[in-house]
Amino acid sequence: MHADKWALKAKQAGYRTRAVFKLDEIIQKTRVLKKSKNVLDLGSAPGGWSQYIKQKSNKTNVYGIALLGFVWGVGVHFLKRVLKILIT
C-alpha cells in the first residue's frame, strides 16, 4: 500500500487510518459530537473512527460493529457477536 501525506500524518499522530481527518472535518462542521452520549460505528474495522471519537470525547460511549476482527482501543465496545447473529 502506498502511503500518501494523510496516511503518514495519521501514523505520526497515532491513528489507525487517515480517515480520521475526514471525520474531524465533519465533526467540526456539524458539532455533532458535542451532544452525543452514544456513537455507533458500523463497519468499524480497523477502528480509526472509533479511536478518534473516544479520544475527542471520553464521556461518549463508542460501540463498533465489524465483520473483521482486530484489536480495539480502550473504551470501545465491540459487537462482533451481535453482528453474526443479525446476518445469520
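This is a predicted model: local features need pLDDT of at least 70, side-chain atom pairs count only at pLDDT 80 or more; totals for chains, interfaces and linings use all residues.
Residues are numbered from 1 along each chain as its sequence is written, and side-chain values use heavy atoms, with hydrogens and water left out. Local features need pLDDT of at least 70 and side-chain atom pairs count only at pLDDT 80 or more, whereas totals for chains, interfaces and linings use all residues.

The protein chain has four helices and three strands, taken as DSSP runs numbered from the N terminus (helices H or I, at least four residues; strands E, at least two). Along the sequence these elements follow the pattern α-α-β-α-β-β-α. Of the 88 residues, 32% are buried, that is, under 20% relative accessible area, with exposed meaning over 50% and partly exposed in between (1.4 Å probe, protein chains only). Among contacts (heavy atoms within 4.5 Å) between residues at least 6 apart in sequence, 36% join residues at least 24 apart.

Three aromatic pairs are present in the structure. Rings of Phe, Tyr and Trp (its six-membered ring) pair if their centres lie within 6.5 Å; planes under 30 degrees apart count as stacked, over 60 as edge-to-face and the rest as tilted. The ring centres of Trp6 and Phe21 are 5.3 Å apart and the planes stand at 50 degrees, so this pair is tilted. Trp6 belongs to helix H1 (residues 5-13) and Phe21 to helix H2 (residues 20-30), 15 residues apart. Trp6 is partly exposed, at 37% relative accessibility. The pair of Tyr15 and Tyr52 is likewise tilted, because its centres are 5.9 Å apart and its planes at 55 degrees. Tyr15 lies in the loop between H1 and H2 and Tyr52 in helix H3 (residues 48-56), so this pair ties together parts 37 residues apart in sequence. Tyr15 is buried at 16% relative accessible area, and Tyr52 is buried at 3%. Ring pairs link Trp6, Tyr15, Phe21 and Tyr52 into a cluster.

Phe21 also has Lys9 over the face of its ring, at 5.1 Å from the ring centre; the criterion is NZ of Lys or CZ of Arg within 6 Å of the ring centre and within 35 degrees of the ring normal.

In H2, the buried residues are Val20, Phe21, Leu23 and Ile27. Viewed down the helix axis, the buried residues of H2 fall within an arc of 155 degrees and so line one face of the helix, the arc being that of the directions from the axis to the C-beta atoms. The cover over these buried residues includes H1 and H3. Just after H2, Arg31 takes a positive phi of about 55 degrees.
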